[in-house]
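Subject: Structure handover

Hello,

Here is the structure for your files. My notes on what was found in it come after it.

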Amino acid sequence: VLRTTRTTKNDETTEFILYTFDEYGVSGHLNHCDTFRAVQYLFQNQTKLNHDNTFHVSQVWTLYSESNLLAKYIPVYSWWLLFWSLLLGTVGDDESKRHNNNSQKMVYRLHRPWWNWSAMVAHQSQFVWYRRLFVVFSCYTYVNVWQSLSTKSKET
């Protein structure tokens, strides 16, 4: 769970924006699913849990779990966009972000997939052969779709 903090000038309440897995946990991993449920519980019950009013979770964004296995592990469209960004020399630009203030979804297109590889190398004991394949072939290396938890709660 990542967080961004902002302290308001009028009081000592710290606001958090949480980023977590969705209820499917990317690959159904129990720890990922449990993380989602814990964050969802915190978000929906924060007034009961926050007795001294020191924190406020203002937003929760969940990573969309791709259910189509072909799209998940053979992200041809993402590879195509990466190829063109390399060809056109736009890789040095910041990551593409499509989001407006009224939107309940954010789409991040990642133009530097080798950053994921470098990040995993830092955790060598966790970077076993199948995770190496996941980093190369997974759609999450190339694009991340985030959905607001408040929107998901209204849909279910």
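Predicted model: local features only at pLDDT ≥ 70, side-chain atom pairs only at ≥ 80, totals over all residues.

Leu-42 is partly exposed because its relative accessible area is 23%, where buried means under 20%, exposed over 50% and partly exposed in between, with a 1.4 Å probe and protein chains only. Leu-42 belongs to helix α2; helices (H or I, at least four residues) and strands (E, at least two) are DSSP runs, numbered from the N terminus.

Residues are numbered from 1 along each chain as its sequence is written, and side-chain values use heavy atoms, with hydrogens and water left out.

Overall layout

The protein chain has 8 helices and 6 strands. Read from the N terminus, their order is β-β-α-α-α-β-α-α-β-β-α-α-β-α. Of the 156 residues in the chain, 32% are buried.

Helix α1

Helix α1 covers residues 25–28 and contains Val-26. Val-26 has a positive phi, near 65 degrees, although it is not a glycine. Most residues other than glycine have a negative phi. Val-26 counts as buried because its relative accessibility is 10%. Gly-28 is in helix α1 too, but at 40% relative accessibility Gly-28 counts as partly exposed. Between the C-alpha atoms of Gly-28 and Ser-65 there are 9.0 Å, and the two residues are 37 apart along the chain.

The largest pocket

The volume of the largest pocket is about 1,100 Å³. Its lining has 28 residues, and those closest to the centre are Phe-21, Val-26, His-32, Met-120 and Phe-134. Two or more lining residues come from each of β2 (14–21), α1, α2, α6, α7 and β6 (143–148). Helix α7 gives the most to this lining, with 4 residues.

For the terms, the search runs on a 1 Å grid over the protein atoms alone: a pocket is an open set of points with protein on both sides within 12 Å along at least five of seven lines, a cavity is a set of points where a 1.4 Å probe fits but cannot get out, and lining residues have an atom within 4 Å of a point. Grid points are joined across faces, edges and corners, and a volume is the space filled by probe spheres set on the points.

The cavity

The count is 1 cavity of 30 Å³ or more. The largest cavity holds about 30 Å³ of space. Its lining is made up of Ser-78, Leu-81, Leu-82, Arg-109, Leu-110, His-111 and Tyr-142. Helix α5 (residues 76–88) supplies the largest share of that lining, 3 residues.

The nonpolar surface patch

Leu-69, Leu-70, Tyr-73, Ile-74, Val-76, Trp-117, Val-121, Trp-129, Tyr-130, Leu-133, Val-136 and Phe-137 make a nonpolar surface patch of about 1,200 Å². Patches are made of residues with over 30% relative accessible area and no salt bridge; like charges are joined within 9 Å, and nonpolar side chains (Val, Leu, Ile, Met, Phe, Trp, Tyr) within 5 Å. Accessible areas come from the Shrake-Rupley method with a 1.4 Å probe, and for residues only the protein chains shown count as cover. At least two patch residues come from each of α4 (69–73), α6 (114–121) and α7 (129–137). Helix α7 gives the most, with 5 residues. Trp-117 is located in helix α6, and its relative accessibility of 32% makes it partly exposed.

Salt bridge and cysteines

There is 1 salt bridge in the structure, meaning a side-chain nitrogen of Lys or Arg within 4 Å of a carboxyl oxygen of Asp or Glu. Its partners are Asp-34 and Arg-37, whose closest N and O atoms are 2.5 Å apart. They sit 3 residues apart in helix α2 (residues 30–44), so about one helical turn separates them. Both are partly exposed, Asp-34 with a relative accessible area of 39% and Arg-37 at 43% relative accessibility.

The search of the whole structure gave 0 disulfides, a disulfide being a pair of cysteine sulfur atoms within 2.5 Å. Cys-33 is buried, at 9% relative accessibility, and Cys-139 is buried with a relative accessible area of 7%.

Regards
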